[in-house]
Amino acid sequence: MSLFKAREWWSATLGHDEEFDQGCLCIADIDNSGKGQDKIIVGSYKGFLRIFSPRPSKPGESMVPQDQMLEVQLKDSIIQIEVGKYVSGTELLHLAALHPRKLTVFSVSGIAGTVEHGNQYQLRLVYEHNLQRTACNMVSGPFGGVKGRDFICIQSMDGILMFFEQESFSFSRFLPGFLLPGPLSYNPRTDAFITVSSLRQVENYKYQTLAVATDVDCRAESEQQKLGSGKRLTADWTLMIGEQAMDICILSSAQAASFVFVLGERNFFCIKANGQMRFMKKLEYNPSCFLPYASVIEGTINSLVGNHNNMLLVYQDVTLRWAAQLPHVPVALRVVLYCFFLGPGSSSAVTFHVFLAGSLSPAELGGDVAVSYTTATGVPRVAQCKFILPLKLVCSPTPPSKSVPCRITIDTNKPPVSLQDIFPDFVEKTEEEQVHAIGFQLVSGSRVTVLASKTSQRYRIQGEVFEDLWLITKELVERFEKHFANQGAKDFQCSFTGPIPLAEYFEIIDRHFELRLNAEKYQNLLAERAVQFRAIQRRLLTRFKDKTPAPLQNLDTLMDATYRQVIVLGDAAEENESALCQAFTRLKSATHLFLLLLRLWQSLNKEQTDILEATFLPLLQDTSQLGWEECVDAAVTHHLRTCLSRSPKEQALNLTSQLALPRDTVRLRKHISLLCDRMAKGGRLCLSAEGSAPIPVIMPGMCDTESRSRGSAGAKPSQHRAQGRN
Amino acid sequence: MVLDMDPLFLAWSYFRRRKFQTCSELCSEILEKSPYDQAAWSLKTRALTEIVYVDEVDVDQEGIAEMMLDDHAIAQVARPGTSLKLPGTSQGGGPSPAVRPVTHAGRPITGFVRPSTQSGRPGTMEQAIKTPRTAHTARPVSSASGRYVRLGTASMLTSPDGPFINLSRLNLAKYAQKPNLSKALFEYIFHHENDVKNALELAALSTEHAQFKDWWWKVQLGKCYYRLGLLREAEKQFKSALKQQDMVDTFLFLTKVYIRLDQPLAALNLLKQGLDVFPREVTLLTGIARIYEEMNNITSATEYYKEVLKQDNTHVEAIACIGSNHFYTDQPEIALRFYRRLLQMGVYNCQLYNNLGLCCFYAQQYDMTLSSFERALSLAANDEEVADVWYNLGHVAIGIGDSNLAYQCFKLALANNNDHAEAYNNLAVLELRKGRIEQVRFFSGYLYGILCMFRLN
């Protein structure tokens with residue numbers, strides 16, 4: 001959460017699939033150019049060593065080849081790099097690379113070419129030490145207060161500090177109570193090493209103490225890097241911080257005393273050189289790296305902290321001064337230039353699957369997909385697409401069947417075509433010239449047959465169940481239109497001679513309505529039982545709380561029984577719910593078919609069809625609060641009162657603006673019949689409100705809430721009361 | 001070229017970069033080869049703990065059983081200004097509960113959802129029985145179920161060969177002797193296994209081994225006691241830890257104990273002591289502000305929230321709380337600026353747009369009002385949020401005099417959340433205006449039912 005975004009000054013993407021950690025970044029004038037321009041040195045776990053000298057002409061520009069001074073692959077992976085005066089006899093800077101089992105020191109030199117891109121850089125091995133233990137990290141500095149030289153101390157994975165005085169090995173020492181390595185740092189002011197051990201305390205060891213803790217017997221051994229046990233090593237001071245540390249940094253300014261900064265997993269500590277805490281700050285995020293540096297204001301210290309929420313925060317002591325959003329999680333930070341190592345990129349292709357739940361034919365074969373996502377930089381995006389699935393997914397060809405209860409006849413105004421041309425994906429190539437019947441078996445198991453008349457231009461769709469005719473009829477009409485459009489016929493028209501099979505349609509409505517009534521019944525029963533359950537539980541709780549134990553009087557049995565009743569009722573309600581869901585799908589199919597027939601019958605145009613669809617299919621799903629029946633009834637009544645009204649008396653009819661579950665479907669059935677009747681007599685629908693009848697507000701259906709990732713912090717919705725409270 | 005690296009080093013490096021799954025897999029490989037590798041074992045416990053870690057300071061939900069069986073209360077009716085459970089005793093001159101809405105428990109609504117504010121809004125038993133107990137909708141029923149929401153994920157981690165550490169076979173006395181192992185092990189038992197009893201035993205043994213000189217173990221003992229409801233014991237341990245070493249976390253834990261004991265004044269004192277040791281510490285300042293807010297002392301709360309913002313100007317909670325306070329004291333224009341700031345900072349959710357919409361409406365910037373509510377509706381994550389937005393839209397409708405629209409809005413609020421008492425109330429008022437007494441009686445019947453339900457709980 002930040003107002004700001006960090007602007008990139010320069011960046012380089014390093015290799016492919018390479019890994020980096022804390023120690024892999026270093027800043028120094030490594031080629032000793034003397035111009036004071038610092039170079040960025042990066043080592044990777046794959047063994048690549050790269051040196052950059054960024055000089056972008058304008059901020060935000062990506063790397064140009066001249067910026068890269070060197071790239072070599074070493075034989076071992078690089079776990080840390082440091083720069084210092086590691087070679088005896090010279091005060092020039094050299095590069096030390098720590099490998100799992102080896103320490104190598106290189107010198108880097110540049111040979112100027114005639115043009116800029118002709119410059120050459122060389123890496124020359126000066127010396128190397130083989131290590132007998134796996135190294136973990138290292139620290140360098142003028143141990144013991146030497147002048148003009150830097151020594152190196154390596155911490156191994158099993159807790160041995162190995163000291164190297166430039167080309168020679170000096171001694172090694174076990175850290176007491178060691179289990180896992182912590183960060184290590186050297187304080188030149190007090191000549192001491194500071195680490196955070198597995199005991200979760202900051203431990204300070206004087207170099208002197210480390211060196212003296214060896215006794216004579218072990219010195220011979222230690223020449224071969226064997227462990228020098230010696231006198232029991234004790235820490236100069238310790239401070240329990242109660243957590244493991246990510247990093248330790250030591251900052252000493254010229255005037256003030258030096259401070260030890262410890263970045264823990266959950267807190268940020270500043271400790272004085274004598275082991276007393278100066279301040280601590282609780283961090284409310286997971287830090288990844290930090291870097292303290294001297295502030296411009298006397299007596300305060302600024303710290304840069306990077307965290308795993310892609311933020312870079314700047315603190316002045318404990319006060320947050322600035323926060324900025326970064327594109328990635330930083331692993332290492334260095335001042336002068338900040339470099340952030342990249343994570344893997346993200347692709348933006350989305351694959352989704354469509355499943356058919358249950359063995360019920362779907363009401364629609366199309367759908368919309370909307371994907372809302374947040375890009376890596378935090379910008380929300382939405383992508384949308386519509387799709388239509390092929391009919392073949394929900395039905396398969398079967399032999400046609402003859403006598404069935406439900407049938408519809410569609411007329412056309414063109415000469416009959418072979419069904420083979422219309423449904424090439426369902427009919428195998430046959431010798432016969434004309435195919436007059438095709439059978440379809442839907443996933444629900446019911447069969448639908450399409451028959452083409454041999455002489456006239458009629459087609460009959462017949463099946464066992466009314467609503468299952470929908471998919472096939474729709475497909476047939478659509479394919480006809482496509483077929484004749486391909487042939488270039490412009491005035492093709494399908495028609496239906498009527499009457500509309502209202503009886504079948506009403507039957508489906510009734511079935512759906514009955515299930516809704518059932519659902520409400522279960523709801524009431526469940527609420528009743530739940531109240532009973534709570535009452536029993538309350539009594540039990542009071543009884544248990546009572547100081548003098550009283551008999552339970554079979555309350556526990558009662559509670560058990562009520563609980564079982566609640567479960568059984570819940571199961572029944574769930575079952576009813578799924579039946580309701582199926583019935584609603586059926587209802588949708590039937591409604592679609594009803595609308596299609598109405599359109600063909602009265603040859604309605606697109607505008608009329610749209611209004612009809614909005615009237616009859618207002619909901620994506622119905623709920624106990626707002627169901628299909630009342631919505632459709634309200635909409636149909638509205639049409640009957642406005643555009644389909646016969647007399648002004650009807651317009652004046654008042655209706656309730658409240659949508660509630662009706663007692664039965666008689667009214668709805670009457671209204672739908674009336675609508676068909678009026679349309680048959682030439683009535684047409686329109687939305688422009690003529691007449692002054694108040695339009696009842698029909699609220700849109702509940703939209704499905706999409707799951708979305710949300711920030712952890714959320715402001716609570718504020719609520720406001722009504723003025724008139726009695 | 002594939003370079004061989006020490007697996008333990010790699011695991012350690014992954015741990016640093018918070019790739020805990022990879023780290024734990026690598027450790028498992030090491031442990032297969034050498035089962036007694038303590039370093040790998042310890043690293044794996046730490047990685048598994050980190051995966052499910054929730055800051056214990058933030059975990060706080062009082063279950064129905066704790067509220068019912070509270071043995072710590074001394075007096076049934078506390079003196080005014082000394083208790084969090086006695087609502088309606090405003091001392092800070094803040095708006096009265098008639099203006100600023102309160103939660104079901106009678107505390108003023110804050111501008112920010114935090115764990116403890118949810119305890120004031122317990123779901124009814126019916127709801128608890130009806131709703132599926134997923135990690136998202138879990139509501140506290142009793143102390144045993146659905147309490148530590150995120151910790152539930154621990155049981156979902158499938159380890160092919162059973163649990164990583166079999167606690168019942170662990171010789172805790174032996175591990176207490178190894179201070180470098182025991183702390184990681186304790187956190188594993190406490191956070192990952194959520195087994196407070198064993199954690200307590202280990203902590204007790206370890207603090208003895210450390211000769212009672214390690215404050216960390218005392219804090220852990222306190223945490224265990226707190227979870228077990230032994231508040232006085234927890235208080236003793238935290239106080240003893242504070243004597244040894246001042247830590248921010250210890251202050252916060254002790255504050256939690258006092259809040260649970262319903263001693264807000266002691267908690268405030270303690271936090272102020274903490275501020276003497278750690279001046280300008282944001283978490284302590286926030287703690288003070290929260291307590292003042294719960295005590296209905298809004299003026300002081302706002303002062304401290306402002307102090308928080310001086311230290312950390314990206315603090316979402318402080319901005320949201322100051323904003324809502326301005327809103328309820330009739331300064332919607334200023335509240336609007338705070339909420340806009342949140343929007344600029346990247347907070348993007350239903351609640352924020354809802355509040356923006358309300359502020360716009362009361363600040364008479366009507367062009368923005370409806371579009372804000374529309375966005376709020378499209379961002380709503382659950383039915384309760386949808387209900388709240390519709391409820392507020394109903395208010396806007398009342399404000400513009402469209403009682404038909406208001407009626408529909410309140411109905412929609414009820415459709416999404418059927419125990420929305422305010423919506424019932426307002427519907428009843430609307431019906432009364434129309435003169436339909438029967439309907440009024442119907443809605444007030446519902447309202448009465450809801451009120452009774454919460455009184456009972």
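Q: In β33(A), which residue is the bridge partner of Ala437(A)?
A: This is a predicted model, in which local features need pLDDT of at least 70, side-chain atom pairs count only at pLDDT 80 or more, and totals for chains, interfaces and linings use all residues. Residues are numbered from 1 along each chain as its sequence is written, while chains are lettered from A and ligands numbered from 1 in the order in which they are written. Strands β32 (residues 437-442) and β33 (residues 447-452) of chain A pair in the antiparallel sense over 5 bridges, where two strands pair if DSSP finds at least two bridges between them. In β33(A), Ile438(A) has Val450(A) as its bridge partner, and the partner of Ala437(A) is Leu451(A).

Q: Which residue takes a positive phi in the hairpin of β32(A) and β33(A)?
A: Strands (E, at least two residues) and helices (H or I, at least four) are DSSP runs, numbered from the N terminus. The hairpin of β32(A) and β33(A) has 4 residues between the strands. A positive phi near 105° is found in this hairpin at Gly445(A).

Q: How many residues lie between β33(A) and β34(A) in their hairpin?
A: β33(A) also pairs with β34(A), in the antiparallel sense and over 5 bridges, and Thr449(A) has Gln462(A) as its bridge partner in β34(A). The number of residues between these two strands of the hairpin is 5.

Q: Which are the edge strands of the open sheet of 6 strands in chain A?
A: This sheet has antiparallel pairing, and its order is β30-β32-β33-β34-β31-β35 (chain A). Two strands pair on one side only, and these edge strands are β30 (395-398) and β35 (494-495) of chain A.

Q: At about what angle to β34(A) does α4(A) run?
A: Helix α4(A) lies across β31 (406-412), β32, β33, β34 (458-463) and β35 of chain A. Axes are lines fitted to C-alpha atoms, for helices over the stretch in contact, and angles run from 0 to 180 degrees between N-to-C directions. The angle of α4(A) to β34(A) is about 160°.

Q: Are α4(A) and α6(A) parallel or oblique to each other?
A: Helices α4 (residues 469-487) and α6 (residues 555-602) of chain A pack with their axes 8 Å apart and at an angle of about 40°. Angles under 35 degrees count as roughly parallel, over 145 as roughly antiparallel, 65 to 115 as roughly perpendicular and the rest as oblique. The two helices α4(A) and α6(A) are therefore oblique.

Q: How many charged residues does the contact of α4(A) with α6(A) have?
A: Residues are in contact if their C-beta atoms, placed from the backbone, lie within 7 Å, and those meeting here include Trp470(A) and Lys474(A) in α4(A) and Leu593(A) in α6(A). Ala, Val, Leu, Ile, Met, Phe, Trp, Tyr, Cys and Pro count as nonpolar, Asp, Glu, Lys and Arg as charged, and the others, Gly among them, as polar. By class, the contact of α4(A) with α6(A) has 5 nonpolar and 3 polar residues, while the number of charged residues is 1.

Q: Are α16(B) and α17(B) roughly parallel or roughly antiparallel?
A: In chain B, helices α16 (residues 316-328) and α17 (residues 332-345) pack with their axes 7 Å apart and at an angle of about 160°. That angle makes α16(B), relative to α17(B), roughly antiparallel.

Definitions and conventions. Contact = placed C-beta atoms within 7 Å.
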